[in-house]
Amino acid sequence: MTVLLENCYLSGSLRNPTPALAPLYASLRYQANALGVAWENVDTESGAAFALHVAENVYVDCVLEGWSDAVERPISETLAQATTGLMSVHGRASGGAQPLGVDYVSTLTAVLSLQGVMAAAIGRLRGASTRATTTSLTSSALLSVAQYLAGATAPEMPERLLPGAASVQERPPFTSADGVAFELETLDAVPWRDFWTQVGVDAASAGKGWNGFLLRYAKAIAPVPATLCEALAVLPFAQIERLAQQTGVAICRVRSLQDRAQDKDAMAMWREGPWRFHCDGDIAQARPLKPCDPSSPLPLAGLTVVESCRRIQGPLAGRLLSLLGAEVIRIEPPGGDPLRGMPPMAEDVSARFDALNRDKNVREIDIKSAAGKAEVMALIQQADVFLHNWAPGKAAEMGLDYDDMTQVNPDLIYAYAGGWGENAEHDLPGTDFMAQAYSGVAAKIAAASGLPGGALFTVLDVLGGAVAAQGVTAALLARGLGRARSIRVDTSLLGAATLLCADELGALLQQPGYQNHALDGEPPPPAWTSLNGVYATAQGLLALDCLDERAFSRLTHAVVDAASELQIDLNDDTPDREHLQRALLHRKAQEWAALFEMSGVPAAVVVEDLTELSRDPRLAPALNKDIYVRVNSPWRFQ
Amino acid sequence: MREVIENMEIQFPGVKERLMADGKVHRFLNIYVNDDDIRFAENLDTSVQAGDAITILPAVAGGCGDRLR
């Protein structure tokens, strides 16, 4: 195991964060440990959240804001999910806007903030004068819904998909007669058709199901005819598994985190973090990183990334590196990536595709041909980073693996954004919903959302993309510090899932400092969380998230006062959920949010229609109302 | 549907290669006639009437490449 950034350290008062920032800091500490970055618990002089020190007198501050407009007001995981449309996207196929049930925004913000300071430090080492980077929870959250927002605001046939748009029952995952929830996966209509024929479903219904099934990755809904769910509900899982294997459809049970912790590769993946680094070459001969481009304020300006990626995870990683200033050369097949034409369109390109791939220089290359391979190698010779997400084994088959490329460029960072990591014990396709089911993330989301399985929001593709870009940034920093010459960086969806559940997995794997509630019993939730949740109002939904006693006390006082004004009997000085819900139905969500804001109660209107996001002044600096509503860079550099 | 593609090829040379190979539609491409995927009907022999809507869409997925390919 290579600990990449030993001797670097973070400083800041991170041991006692506010309850709202506790999950973010827990993830940050976990990531720092895995990178070999130590922790010094002191206040930063500038008031920044933390600073990354990479060499003597070379450090960069990280400012963490709650809101994109940097105005101080209550924020938390739940409020960030509510106000940025994450609950809305998750709610499309889960019966209504609701929290994901995982600390998603906090984890993603931890990844991006650490990536931001690492990138700024690279800039410093290359001669830039960057002193600090700023990121916020809401900017990170918006980044995660960027492609859905593009779809909802595209000029041509925008998608209008509101929470509750699709059935909760008639969608994957499916459930067998013996009560096993499971996901199916295939990207090919023929195995799908053969599978359903074997199950006894007619071709027309299977075809309708295929249309719905294909919508999952793009639209976060997967409406399938009820006959499909009913046909599987009368078969035992073992038989369904057999039929899937016979017809070439992948199948994965929705496993618990306890199941995942039992896997042979779980401990190593948890310890290493979501990246695996492999360093080679004689450091003495390493070419220093190119100096910073003085004309750009961005820390990776002047560096070149060559990307050969499809779909979401890999392209998002390239997009993030581009937002840090790198020139990204995107290799597409002759004729261009077919997803460029996927509606809804923003002029001549798919809005969703553009959200993930804009600002990249496209080169159409047939990478399977000898001439194409030579063209790729010519690009690699001049590049700093190569990034791909090909199917396992493809790189070696095409002669474009790490060893092949480092022969033409021994100073290359070679990054793979894969599905499962190197030691997978199965042959499942590396796609988001398979990884959610396998990793325990789906089970965790299911428990919180009242579903049999995970989210149809691409939870792991987005986090996996951020983790891949972060791994590349860490590797570039190691290169800038002269710690390595060529570096291979492997990241995966499963690694992203491990990061998302790092605390619970740490406990299940009996790691020191992680409390195992499975052994000593779950502690009762604190009383001040008893009213947290999403409530209906006279118009719209309201999210409440009290994370300490003071906030809870403010909430109960505000509700008691409002109830008295509205002449509602709460039955008690401390309302329970039922009475609170009854009271909240007397006013609109907007009105309650305004009242609670004045009282300092952590509350927010749940955004249900994504087109409303661009009208929220709190989010304005993170969004750009162009031909569609674009999400800006999650980082600012000073 | 086969005839439609042949006619498209005359008007837009090269399009056929983008849609099919060896007489079959590419695996990760979906062709719909009035919202019905032709693979669940008569495939390239699916009949097309005047006024029918034909949609050609690539499969969208997440994650990395499919090992089953």
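Colleague: Which residues does A:Ala317 touch, not counting residues up to four places away in sequence?

Modeller: A word on conventions comes before the reply. This is a predicted model, in which local features need pLDDT of at least 70 and side-chain atom pairs count only at pLDDT 80 or more, while totals for chains, interfaces and linings use all residues. Residues are numbered from 1 along each chain as its sequence is written, and chains are lettered from A and ligands numbered from 1 in the order in which they are written. Two residues are in contact if their C-beta atoms, placed from the backbone, lie within 7 Å. With residues up to four places away in sequence left out, A:Ala317 touches A:Leu387, A:Ala417, A:Gly465, A:Ala468 and A:Ala469.

Colleague: In which element does A:Ala317 lie, and why is A:Ala317 classed as buried?

Modeller: Helices (H or I, at least four residues) and strands (E, at least two) are DSSP runs, numbered from the N terminus. A:Ala317 lies in helix H14 of chain A, residues 313-323. A residue is buried if 20 or more other C-beta atoms lie within 10 Å of its own, exposed if 12 or fewer, and partly exposed in between, with C-beta atoms placed from the backbone. A:Ala317 is buried because 30 other C-beta atoms lie within 10 Å. As for position along the chain, A:Leu108 is 209 residues apart from A:Ala317, and their C-alpha atoms are separated by 13 Å.

Colleague: How does one describe two packed helices?

Modeller: Two packed helices are described by the angle between their axes and the distance between the axes. Here the axes are lines fitted to C-alpha atoms, for helices over the stretch in contact, and angles run from 0 to 180 degrees between N-to-C directions. Helix H19 (residues 432-439) and helix H21 (residues 459-480), both of chain A, pack at about 95 degrees with their axes 7 Å apart. H19(A) is therefore roughly perpendicular to H21(A); angles under 35 degrees count as roughly parallel, over 145 as roughly antiparallel, 65 to 115 as roughly perpendicular and the rest as oblique.

Colleague: Which residues make that contact?

Modeller: H19(A) contributes A:Asp432, A:Ala435 and A:Gln436, and H21(A) contributes A:Val459, A:Leu460 and A:Asp461. By class, the contact has three nonpolar, one polar and two charged residues. In this scheme Ala, Val, Leu, Ile, Met, Phe, Trp, Tyr, Cys and Pro count as nonpolar, Asp, Glu, Lys and Arg as charged, and the others, Gly among them, as polar.

Colleague: Is H19(A) mostly covered or mostly open?

Modeller: H19(A) is mostly covered, with eight of its eight residues buried; among them are A:Phe433, A:Met434 and A:Tyr438. Just after this helix, A:Gly440 takes a positive phi of about 100 degrees.

Colleague: What is the order of the strands in the open sheet of six strands?

Modeller: Two strands pair if DSSP finds at least two bridges between them. The order is S2-S1-S3-S4-S5-S23 in chain A, with mixed pairing. Strands S2 (38-40) and S23 (636-637) of chain A stand at the edges, each with a single partner strand, so one side of each is left without a neighbour in the sheet. Helix H4 (residues 104-125) of chain A packs on this sheet, touching S3 (50-55), S4 (58-65), S5 (132-136) and S23 of chain A, and its direction makes about 150 degrees with that of S4(A). Strand S1 (residues 9-11) of chain A pairs with S2(A) in the parallel sense over three bridges, and A:Tyr9 stands opposite A:Ala38.

Colleague: How many residues of chain B are in contact with chain A?

Modeller: 22 residues of chain B are in contact with 40 residues of chain A. On the chain B side, strands S4 (36-37) and S5 (54-58) each supply at least two residues. That side divides into nine nonpolar, four polar and nine charged residues. Chain B itself has two helices and five strands, and buried residues make up 25% of its 69 residues.
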